[in-house]
Amino acid sequence: MAMWDRIKDQAKGLQQSQGARGSGGHGRPGSGSGGGSKAQLVGVLKSQLASLKTELKSGAYRDASMAMCALVAAADGSVDPAERQHVESLIVQNDVLQNFPPDQLRQRFNKHVDQLSLNFQQGKTEAMQEIAKAAKKPMEAKAVVQTGFVVAGADGYIAPAEEQVLREACVALNVSPQEFGL
């Protein structure tokens with residue numbers, strides 16, 4: 001749990017240095033006291049990812065991240081067109097993912113979303129296989145989970161279904177879910 005405590009401390013420092021820059025979307029009913037710490041965690045993970053930008057240029061990271069984003073988007077069992085478009089815009093605006101051509105990212109993300117929409121279990125299995133390919137490099141494996149967290153928490157809230165797919169991705173990537181407070 002020391003890593004989690006360190007991340008929480010980093011989040012507090014980051015939040016204090018950036019001021020309260022909330023978009024107003026947080027504080028959803030039911031988010032409880034964990035909502036704030038998850039929002040802080042997302043901020044810390046986003047800055048940690050940005051610091052690794054120059055190292056995250058492999059095809060394995062790109063493909064696993066797109067599978068992760070699709071799984072997060074479809075975690076509740078469906079992806080409506082507005083949600084798909086929202087996640088796509090988060091992907092192409094993500095600082096680290098700008099290492100890759102936007103069309104490559106969109107194509108891979110949409111392929112997974114289409115598979116998940118057609119047959120959720122089969123699509124999930126295929127997405128997890130793609131995610132697991134990034135397990136060979138621990139830094140990239142963690143970055144895939146961080147990318148999923150950033151997308152999941154973009155609305156200021158991480159739903160239980162999103163937490164579940166993030167936990168499963170941690171297992172597939174040999175990353176400790178506890179490291180992310182899961």
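Of the 46 residues that form the largest nonpolar core, Met68, Phe109 and Ile131 touch the most other members. The elements that each give two or more residues to this core are helix 3, helix 4, helix 5, helix 6 (120-132), helix 7 (138-152) and helix 8 (160-172), and the largest share, 10 residues, comes from helix 3. The model is a predicted one, and the values below are to be read with that in mind.

**Overall architecture**

- The protein chain holds eight helices and zero strands, so that, read from the N terminus on, its elements run α-α-α-α-α-α-α-α.
- Of the 182 residues in the protein chain, 43% are buried.
- Among the contacts in the protein chain with a separation of 6 or more, 78% are accounted for by residues 24 or more positions apart.

**Packing of helix 3 against helix 5**

- Helix 3 (residues 59-73) and helix 5 pack with their axes 8 Å apart and at an angle of about 45°.
- An angle between 35 and 65 degrees falls in the oblique class, and helix 3 and helix 5 are therefore oblique to each other.
- The crossing in which helix 3 passes helix 5 is right-handed.
- On the side of helix 3, the contact is made by Arg62, Asp63, Met66, Ala67, Cys69, Ala70, Leu71 and Ala73, while helix 5 contributes Gln104, Leu105, Arg108, Phe109, His112, Val113 and Leu116.
- By residue class, the contact of helix 3 with helix 5 divides into 10 nonpolar, two polar and three charged residues.

**Asp95 and its loop**

- Asp95 lies in the loop that runs between helix 4 (81-93) and helix 5 (102-118).
- Because its relative accessibility is 37%, which falls between the limits of 20% for buried and 50% for exposed, Asp95 counts as partly exposed.
- Although Asp95 and Ser47 are 48 residues apart along the chain, their C-alpha atoms are separated by 9.8 Å.

Technical notes: Residues numbered from 1 in each chain as written. Predicted model: local features only at pLDDT ≥ 70, side-chain atom pairs only at ≥ 80, totals over all residues. Heavy atoms only, no water. Helix = DSSP H or I, 4+ residues; strand = E, 2+ residues; numbered from the N terminus. Buried < 20%, exposed > 50% of the residue type's maximum accessible area, 1.4 Å probe, protein only. Axes fitted to C-alpha atoms, helices over the stretch in contact; angles between N-to-C directions. Parallel < 35°, antiparallel > 145°, perpendicular 65-115°, else oblique. Left-handed = near helix turned anticlockwise from the far one by under 90°. Contact = heavy atoms within 4.5 Å. Nonpolar A, V, L, I, M, F, W, Y, C, P; charged D, E, K, R; others polar. Core = buried A, V, L, I, M, F, W, Y, C linked by side-chain atoms within 4.5 Å.
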